[in-house]
Amino acid sequence: MARPLSPQMSARTSRTFSVEVPGTIDPRDLPLRQLNDDAAFEEYTEETADGQITRPVRSNVTGKIEDYELVTFKVGDPENPKNWSKAYKWYYTMVVAFTCFVVAFASSVITADLIGVEKEFGVSEEVSLLTITLFVIGFGVGTNPCYFSPGPMAFAPLSEMVGRKPVYVVTMFIAVVFLIPCAVAENIGTLLACRAIDGIAFSAPMTLVGGTLADMWRNEERGVPMAAFSAAPFIGPAIGPLVGGFLGDHKGWRWLYWIQLIMSGVVFALLAFTMPETYTPTLLAKRAKKMRKETGNTKYVTEQDLDSRPMGQKMRIFLIRPFQLLFLELIVFLLSIYMSILYGLLYMFFVAYPIVYQIGKGYSASITGLMFIPLAIGVLLSAICAPFVNKHYLSICAKYNGKPPPEMRLIPMMLSCWFVPIGLFIFAWTSYPDVHWLGPAMGGFPVGFGFIFLYNSCNNYLVDTYQHQAASALAAKTFLRSMWGASVVLFTNQMYNRMGYQWASTFLAFLALACCAIPFLFYYKGEAIRRYSKFAYAGDEEEAAATEKK
């Protein structure tokens, strides 16, 4: 006998969404943008004895209340990704983390031999840098009235409609195909056009990896897997110039694209032939369809069949809501600026390191690539520390009976924000040509160490603050971050030439230092800001208001 649906579980009436906290739900597990705010989500979060939950629904035809059977996973269901063995889950975690690494690697590996492109096609340095800019723009541009390329703001909602695997496989196939003309390009137009298409295609895996891990791991299990994933987007850009330096020096710039093709081909094969579908709503929708076909009973459904938003409302949420949050919400706006500056610093390093080492010290591209190793070590060390940071947060949760204010997420950010300006000051004032090479290289270590803590704290704070709007808040941050990261490489050379190596890096250090005020602002004033927000979760006041309506 299917149990009846309980009335408490809706997106707006209870604070149930968080990341890596037992007893809460990661919003990436749910089709929040597909369903109405008062939709019931127990179907996707709970296992039942007989795999069904009875939901009464008023018929549009008769006007009477009719019972429908929401299809769920059964207790211990082997088809539930969260019940897979640890070995399977770790294998798939490594596949998607490697995917993320390859995409990040592809964004930076070409920086090692831009001079080769300039010489072969007779173009300026600014034009060769467009191979980076157009690729990174693809990470942030979505389908909206102003931009017509299907970037991450389209791929995330698309995965909610058709599942994660089809989006992974199709976009990786497109990326692999368009890497071939990049490697054999006979003119700069071909290279730039295909590079832009690759950026758009590669943005899908970067968008979906976090959700895939949320599909497989329960919140209390997710600390170490998420740490592995978090390191990949920052390790990739650090390793790219290292590998690219040696390849560019010995094989030429075209091999920087052949290596991307080889690695991306491996990823495509792993995703297409070994990776199953993991998205719970898609799996349950297939099960419901199968049950309707086998039994002839049309009342076996999913919540998406019963309570899906109208398409016009979905499109507004997918395309307009991120920009509403970006420009109307102070929390989203300032944190997006902060993350954009950090992302820009990472891409500026790809230009600044060759300036300091190749122009300043006369090193080769391959030796210059080795200077990124301290940056990579810093990222790895912070990833190792990430589970301990999460353990500390769980102790804070216990003090607040499992529902700490979102501002508690900012503590790691408040502590780690200082590492980035410290690293930049070291890089700045050891970048003289006659100073030992270890000086500026070691400046990358604290920068790399600070990145993951800042990145994770920001994402977790946005999820806890915006709850059912979290996907749109993260999309807004990604859009602005990618636009800025794509732009900075175009003026980094000019900035270093006009301001000098030391003062250009010092300017960036002061910019990062000024941003350190942002987490402190929201730690002390975030609750007051949320109280007057149209979109943010308001805390006890909202729960009390919801209770009064019942």
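One term before we start: a residue is buried when its relative accessible area is under 20%, and exposed when that area is over 50%. Anything in between is partly exposed. And keep in mind that this is a predicted model.

Rings first. There are 32 aromatic pairs here. Take Phe 350 and Phe 372. Their ring centres are 6.1 Å apart and the planes meet at 45 degrees, so we call the pair tilted. Where do Phe 350 and Phe 372 sit? Phe 350 is in helix H14, residues 330–359. Phe 372 is in the loop between helix H15 (365–370) and helix H16 (373–399). The pair therefore ties together parts 22 residues apart in sequence. Are Phe 350 and Phe 372 buried or exposed? Both are buried.

Compare that with another tilted pair, Trp 484 and Phe 491. Here the centres are 6.0 Å apart, with 55 degrees between the planes. Trp 484 has 35% relative accessibility, so it counts as partly exposed. Phe 491, at 31%, is partly exposed.

Back to Phe 350 and Phe 372. They belong to one aromatic cluster. Among its other members are Tyr 343, Tyr 347, Phe 349, Tyr 353 and Phe 427.

Now, charges over rings. The charged end of Arg 195 sits over the ring of Phe 135, 4.1 Å from its centre. Arg 409 lies over the face of Tyr 393, 3.9 Å from the ring centre. Hold on to Arg 409; we'll need it again.

Next, salt bridges. Side chains of opposite charge can pair when their charged atoms come close. How many salt bridges are there? The count is seven.

Start with Glu 120 and Arg 254. Their closest N and O atoms are 2.5 Å apart. This bridge links distant parts of the chain, 134 residues apart. Glu 120 is in helix H3 (residues 114–121), while Arg 254 is in the loop between helix H8 (223–251) and helix H9 (255–273). Glu 120 has a relative accessible area of 44%, so it is partly exposed.

Arg 164 lies in helix H6 and Asp 215 in helix H7, so parts 51 residues apart in sequence are tied together. Arg 164 is buried, at 5%. Asp 215 is buried too, at 1%.

Third, Arg 409 returns. Its side chain meets Asp 464 in a salt bridge, 3.0 Å from N to O. Arg 409 is in the loop between H16 and helix H17, and Asp 464 is in helix H19, so this bridge joins parts 55 residues apart. Arg 409 is buried at 5% relative accessibility. Asp 464 is buried at 0%.

There is a network as well: salt bridges link Asp 77, Glu 79 and Arg 287.

Last stop, the core. In soluble globular proteins, nonpolar side chains tend to be buried together. The largest nonpolar core here has 125 residues. Those touching the most other members include Leu 191, Phe 202, Leu 335 and Tyr 466. H14 gives the most to this core, 21 residues. Domain 2 (80–290) and domain 3 (329–537) each supply at least three residues.

Look at Phe 202. Its contacts include Val 103, Phe 135, Phe 139 and Met 172. Phe 135 is also the ring under Arg 195.

Finally, a second, separate core has 14 residues, including Leu 30, Phe 73 and Ala 288.

Methods:
Residues are numbered from 1 along each chain as its sequence is written. This is a predicted model: local features need pLDDT of at least 70, side-chain atom pairs count only at pLDDT 80 or more; totals for chains, interfaces and linings use all residues. Side-chain values use heavy atoms; hydrogens and water are left out. Rings of Phe, Tyr and Trp (its six-membered ring) pair if their centres lie within 6.5 Å; planes under 30 degrees apart count as stacked, over 60 as edge-to-face and the rest as tilted. Helices (H or I, at least four residues) and strands (E, at least two) are DSSP runs, numbered from the N terminus. Buried means under 20% relative accessible area, exposed over 50%, partly exposed in between (1.4 Å probe, protein chains only). A charge sits over a ring if NZ of Lys or CZ of Arg is within 6 Å of the ring centre and within 35 degrees of the ring normal. A salt bridge is a side-chain nitrogen of Lys or Arg within 4 Å of a carboxyl oxygen of Asp or Glu. A nonpolar core is a set of buried Ala, Val, Leu, Ile, Met, Phe, Trp, Tyr and Cys residues joined through side-chain atoms within 4.5 Å. Domain bounds come from an automatic or database domain assignment. Contact means heavy atoms within 4.5 Å. Lists of a residue's contacts leave out its neighbours within four places in sequence.
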